[in-house]
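Try each one yourself before reading the solution.

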2 protein chains.
Amino acid sequence: MGVNSNRVDPFGTIKIQSEIPMFQTPLEIHKVRLPPQTTTFQKLRHRLSEIFFPDDPFHRFKNQTCFMKLILGLQYLFPIFQWGPEYNLRLLRSDIVSGLTIASLAIPQGISYAKLANLPPIIGLYSSFVPALIYSVLGSSRHLGVGPVSIASLVMGSMLSESVSYSQDPILYLKLAFTATFFAGVFQSSLGVLRLGFVIDFLSKATLVGFMAGAAIIVSLQQLKGLLGIVHFTTKMQIVPVLASVFIQRDEWSWQTILLGFSFLFFLLMTRHISLKKPKLFWISAAAPLTSVILSTLLVFSMRNKIHKIAIIGELPKGLNPPSSNMLYFNGPYLALAIKTGLVTGVLSLTEGIAVGRTFASLRNYQVDGNKEMMAIGLMNIAGSCSSCYVTTGSFSRSAVNYNAGAQTTVSNIIMASAVLVTLLFLMPLFYYTPNVVLAAIIITAVIGLIDYQAAYKLWKVDKLDFLACLCSFFGVLFISVPLGLGIAVAISVFKILLHVSRPNTVVLGNIPGTPIFHNLNQYKEALRIPSFIILAVESPIYFANATYLQERILRWVREEEERIIAINGSTLKCIILDMTAVTGIDTSGIDTLCELRRRLEQRSLQLVLANPIGNVMEKLHESNILNSFGMKGVYLSVGEAVADISSSWKPQP
Amino acid sequence: MGVNSNRVDPFGTIKIQSEIPMFQTPLEIHKVRLPPQTTTFQKLRHRLSEIFFPDDPFHRFKNQTCFMKLILGLQYLFPIFQWGPEYNLRLLRSDIVSGLTIASLAIPQGISYAKLANLPPIIGLYSSFVPALIYSVLGSSRHLGVGPVSIASLVMGSMLSESVSYSQDPILYLKLAFTATFFAGVFQSSLGVLRLGFVIDFLSKATLVGFMAGAAIIVSLQQLKGLLGIVHFTTKMQIVPVLASVFIQRDEWSWQTILLGFSFLFFLLMTRHISLKKPKLFWISAAAPLTSVILSTLLVFSMRNKIHKIAIIGELPKGLNPPSSNMLYFNGPYLALAIKTGLVTGVLSLTEGIAVGRTFASLRNYQVDGNKEMMAIGLMNIAGSCSSCYVTTGSFSRSAVNYNAGAQTTVSNIIMASAVLVTLLFLMPLFYYTPNVVLAAIIITAVIGLIDYQAAYKLWKVDKLDFLACLCSFFGVLFISVPLGLGIAVAISVFKILLHVSRPNTVVLGNIPGTPIFHNLNQYKEALRIPSFIILAVESPIYFANATYLQERILRWVREEEERIIAINGSTLKCIILDMTAVTGIDTSGIDTLCELRRRLEQRSLQLVLANPIGNVMEKLHESNILNSFGMKGVYLSVGEAVADISSSWKPQP
């Protein structure tokens with residue numbers, strides 16, 4: 001095995017090409033094997049288990065006694081049994097601190113996000129109570145802070161408001177909101193039960209970056225209603241009508257509201273900036289919303305006789321979540337709307353909840369089971385829809401604060417729920433004078449963090465089509481509507497996959513001198529062509545969607561190679577080797593294409609052989625009987641063996 | 001390089017595992033290279049040219065004089081210039097024979113298929129005249145016989161009849177049929193001009209097999225109307241209402257019609273059977289339709305005073321195609337229906353035309369340019385829609401007869417058109433007494449050939465999911481509707497691609513003794529695991545749709561390997577090698593997954609290295625800066641080099 005120089009000048013390349021291949025001829029040609037025979041049923045079972053149980057959730061149950069299986073089963077269904085027995089005072093202390101911290105964020109957030117969904121503020125507080133308790137029993141993430149989130153609130157508000165106005169028919173609007181929450185929960189938990197978690201994988205990161213930035217801008221602009229003190233505002237969500245509404249209602253702008261709003265907005269943005277710069281000071285931004293609420297409420301209360309132009313929350317009912325199962329709406333003209341809203345908010349909140357759960361789990365190196373989380377979030381929403389809550393999930397801002405405040409288990413959610421309970425029972429009158437404008441400032445501060453221009457720049461740098469999907473979801477949300485914008489972005493992502501499949505790469509390989517390795521001639525300048533051979537690698541499964549293309553493209557490679565050979569006066573082309581390493585699947589159209597290709601090349605006295613077909617491709621070739629036409633001499637284990645064997649078979653002839 | 005036995009018993013395998021790897025250590029470790037740097041614009045250009053010009057249509061124009069370029073351009077646009085100058089008497093003789101043969105088929109087929117589309121029979125004859133002339137100038141296939149086809153006729157009839165009845169409003173129905181033909185033509189030719197030919201590749205063979213069988217059954221059942229002599233028949237296309245209609249109208253059954261119909265059906269099926277058994281006798285089945293028409297017409301004519309219960313065609317207008325451009329329908333309530341019908345029939349007829357063209361071209365070893373064919377078929381339909389023709393394309397039955405009768409060029413289409421011309425001008429009154437029942441028998445014989453149960457059986461044997469797509473399109477067409485059945489089948493085919501992408505295979509590789517080759521342990525029983533290593537091959541691009549799955553699945557492989565090692569008391573796992581040969585693409589989510597995986601494994605003191613990333617993956621890894629975190633020691637050219645280099649770096653330590 002000689003050591004060659006890594007770089008060969010172009011003239012050198014041509015010289016070496018006319019010599020015998022430089023790599024070592026293997027002594028033995030290996031037979032390409034079929035994978036072990038399995039029945040259709042076994043194949044189906046294997047395939048289904050890979051689709052639905054890729055994480056093998058039952059591996060812990062193997063070789064255990066019946067009693068242990070019961071315990072493990074309980075632990076599987078209710079993760080609280082897993083950490084419960086080892087719970088101690090030290091952990092409780094951490095959880096109390098973090099629980100109270102997120103409660104101070106949850107109360108103003110709950111009120112603000114409910115307004116975002118055009119729901120009465122009290123619904124936001126209810127939604128921070130029941131779901132948190134349910135999640136703490138069922139959830140497998142230890143750091144997830146549960147409650148309403150901005151995106152789901154925004155989407156619910158925008159989708160419902162386009163058909164029903166809260167101010168005109170509050171009961172119907174509430175009914176639809178609870179029904180949508182119910183369907184979101186049913187959808188989420190059934191995804192979990194049916195182990196179809198991969199559905200949410202189709203919302204790619206690129207799509208979400210664009211979507212969140214678009215949604216954040218829309219939401220911020222919507223908050224101009226509160227921030228400028230406008231009374232009559234559009235219910236539409238697109239950028240054009242919202243901006244139009246802002247400027248048409250210029251006479252309703254109130255300078256007192258504007259002054260108050262922008263001061264608190266400045267204060268909140270400053271605290272956010274400080275916490276971003278120094279992560280240790282996370283509590284500053286965590287405490288800022290509650291501080292703003294208290295300060296602004298005191299301010300408005302003290303000047304209640306002097307200024308009347310500032311809108312306030314007004315009376316909030318005292319008491320715990322009233323039951324709302326009687327408000328679920330199962331027939332009537334708006335059922336389709338409720339189901340659609342439930343699906344969209346369900347998918348979005350699930351995506352956020354699971355992504356957030358996985359992020360914090362990976363920071364502490366534990367696993368979050370996606371399908372289990374779906375069930376937990378789904379059940380929490382079903383229960384929520386029966387107790388006057390709207391869609392909730394794991395919130396990014398709450399979980400970040402929870403994690404930073406040192407949360408150890410989901411007990412912090414119980415502590416938060418207790419704090420909300422106390423608020424609901426005793427403290428509601430205190431919010432009477434809270435100005436709406438401060439809630440608008442809190443919402444803007446929260447959603448501005450969703451605009452991740454650095455991620456967008458990275459997308460541009462690494463993958464232009466990903467960036468296009470990102471742009472489409474961004475502009476789609478801004479100018480068309482939330483579900484359509486999302487739909488377009490998902491379609492582009494899927495289209496990208498299909499494009500990759502229907503126009504796969506084919507590359508010409510050459511030998512890397514001194515090794516039996518064959519590589520892309522374009523990537524490795526030192527790789528050499530083998531005279532009389534053209535070695536092509538197909539970089540995709542061969543499917544109906546690309547079979548015709550691949551056939552034409554391979555014939556074009558052959559034609560171009562023949563033209564190149566004539567130009568340099570090289571030895572005639574005799575053999576085409578298809579490197580099948582990256583052909584990870586083949587269907588009936590693909591098999592027909594291979595046959596056809598072989599027939600066409602044979603008519604031109606060219607030999608076609610396959611190198612390294614993987615297991616299931618080999619199996620399909622065998623089942624369709626085309627292996628017989630190729631013969632065992634037409635399929636090789638590696639490109640190197642194919643070249644060695646075929647060129648040695650030529651030698652005796654000339 | 002020792003020669004090992006190919007099969008090693010399980011105990012031997014374990015013993016060998018604990019030894020040093022058996023393959024030869026390469027002397028030199030090769031650096032993985034980035035592909036040559038290109039600008040975004042160059043990349044885009046390359047990508048677009050691969051998508052739109054994979055066949056490099058301009059390669060003939062290279063290095064030619066201006067005059068030659070003009071000639072070549074004319075030849076490109078009008079293939080008649082290519083073969084025209086070499087046309088001679090010998091070729092003409094062949095073309096006349098074949099042209100007259102297909103004309104004898106075309107006349108009864110034209111009348112029958114027009115009835116299938118619920119159009120007046122004369123439209124079918126018109127459609128065999130103008131389009132055939134246009135195709136003979138523009139088409140690049142030499143054997144395609146042009147005219148109306150059963151599937152497109154059926155689909156047009158069924159889609160239009162669901163909204164408009166020909167018997168109630170014939171003018172509107174005709175208008176919609178011509179408009180649909182116009183849109184089909186526009187759609188087809190724009191696919192050709194925009195070089196989007198790959199759209200029709202998404203109708204996989206599996207889908208078409210099921211679709212054609214379903215359509216054939218529906219059409220045959222619909223013909224029971226004519227065959228049994230029923231007067232009042234459903235206009236629906238699903239199997240249930242059609243069968244119900246047959247049995248509810250039992251009192252309308254006419255024994256004379258039934259007798260006549262089944263005799264001719266038997267005659268036609270027999271001739272078909274003979275021609276299938278002995279391909280040399282193709283002319284028997286080719287001449288049978290015209291023979292049946294003549295015989296049955298004579299029969300009915302001779303008994304015209306005795307029996308009145310047999311429905312006849314009646315008066316047909318004499319003369320050439322009247323212009324119909326004034327009947328195109330561009331606004332009004334049915335425009336959407338016309339466009340939809342045009343799209344569906346356009347796609348279907350294009351698929352048939354191109355598939356048929358390619359089939360016969362490959363028999364004679366010439367190329368048919370898909371995009372050019374689309375333009376030819378599209379222009380032929382646009383011209384057809386302005387001269388009282390409905391959707392036409394290359395017909396399978398006509399082309400087969402044409403080919404067998406010895407056609408040499410598209411002149412045979414001109415001969416056929418001339419024969420149709422003579423018929424239109426002088427022979428129309430002869431068809432006055434032709435009974436409808438014989439047309440029903442001709443249609444049934446034609447469509448029964450579309451049921452290809454052998455292809456369906458092959459699908460079942462080779463690919464179960466393909467078979468499922470086939471079944472769905474079959475039952476979808478039978479029980480729901482033609483466009484929906486097709487839609488479901490396309491969705492299943494696309495879902496199959498997405499499933500393959502979202503749940504890709506990962507396999508464990510082992511070394512094949514005596515070679516530097518690493519292969520699937522499951523497929524190659526002789527392959528050996530390398531102690532302290534686990535080598536995983538990912539058989540798919542790493543995309544957003546599978547990033548999460550792959551991460552979990554790889555971690556599960558590592559966990560299972562660790563459990564296996566403990567069970568057999570082997571040496572601890574130290575290094576995971578990901579063979580990236582089949583990873584033909586990566587997006588931003590995929591890159592994040594690799595980083596995350598590396599981080600998680602590092603926390604468990606496991607090393608992750610990549611082997612053989614291909615060009616564009618390498619480029620993306622580089623652009624996203626994660627190559628720095630892997631370091632050049634984290635990426636190897638081949639699995640063999642990675643194992644050799646890493647295990648040699650361990651040796652000094654213990």
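**Exercise 1.** Is the crossing of helix 8 of chain B and helix 10 of chain B left-handed or right-handed? Describe how these helices pack, too.

*Solution.* Keep in mind that this is a predicted model.
- Step 1: Begin with the hand of the crossing, which is left-handed for helix 8 and helix 10 of chain B.
- Step 2: Helix 8 of chain B covers residues 150-161, and helix 8 and helix 10 of chain B pack at about 65° with 11 Å between their axes.
- Step 3: Look at who touches whom. Helix 8 of chain B brings B:Ser150, B:Ile151 and B:Leu154, while helix 10 of chain B brings B:Met212, B:Ala215 and B:Val219.
- Step 4: Sort these residues by type, and you find five nonpolar, one polar and no charged.

**Exercise 2.** Which residues touch the most other members of the largest nonpolar core?

*Solution.* 
- Step 1: The largest nonpolar core holds 358 residues.
- Step 2: Within that core, A:Ala177, A:Ala215, B:Ala177 and B:Ala215 touch the most other members.
- Step 3: Take B:Ala177 as an example. Setting aside residues up to four places away in sequence, B:Ala177 touches B:Ala117, B:Leu119, B:Met156, B:Leu160 and B:Tyr390.
- Step 4: For background, nonpolar side chains in soluble globular proteins tend to be buried together.

**Exercise 3.** How many residues of chain B are in contact with chain A, and which helix gives the largest share?

*Solution.* 
- Step 1: On chain B, 77 residues are in contact with 77 residues of chain A.
- Step 2: Several helices of chain B give two or more residues to this side, among them helix 2 (40-52), helix 10 (205-222) and helix 23 (547-568).
- Step 3: The largest share, seven residues, comes from helix 22 of chain B.
- Step 4: By type, the side of chain B that touches chain A divides into 30 nonpolar, 25 polar and 22 charged residues.

**Exercise 4.** Is A:Asp466 buried or exposed? Find its neighbours as well.

*Solution.* 
- Step 1: Locate A:Asp466 in helix 21 (residues 464-480) of chain A.
- Step 2: A residue is buried if 20 or more other C-beta atoms lie within 10 Å of its own. A:Asp466 has 27 of them, so A:Asp466 is buried.
- Step 3: Leaving aside neighbours within four places in sequence, A:Asp466 is in contact with A:Ala206, A:Leu459, B:Asp587 and B:Thr588.
- Step 4: A:Ala206 is 260 residues away along the chain, yet the C-alpha atoms of A:Ala206 and A:Asp466 are separated by 5.7 Å.

**Exercise 5.** Where does A:Asn118 lie, and what is its phi near?

*Solution.* 
- Step 1: A:Asn118 lies in the loop between helix 5 (89-116) and helix 6 (121-126) of chain A.
- Step 2: Its phi is near 60°, a positive value in a residue other than glycine.
- Step 3: With 21 other C-beta atoms within 10 Å, A:Asn118 is buried.

Note on methods. Residues numbered from 1 in each chain as written. Chains lettered and ligands numbered in written order. Predicted model: local features only at pLDDT ≥ 70, side-chain atom pairs only at ≥ 80, totals over all residues. Contact = placed C-beta atoms within 7 Å. Helix = DSSP H or I, 4+ residues; strand = E, 2+ residues; numbered from the N terminus. Nonpolar A, V, L, I, M, F, W, Y, C, P; charged D, E, K, R; others polar. Core = buried A, V, L, I, M, F, W, Y, C linked by C-beta atoms within 7 Å. Buried ≥ 20, exposed ≤ 12 C-beta atoms within 10 Å, placed from the backbone. Axes fitted to C-alpha atoms, helices over the stretch in contact; angles between N-to-C directions. Left-handed = near helix turned anticlockwise from the far one by under 90°.
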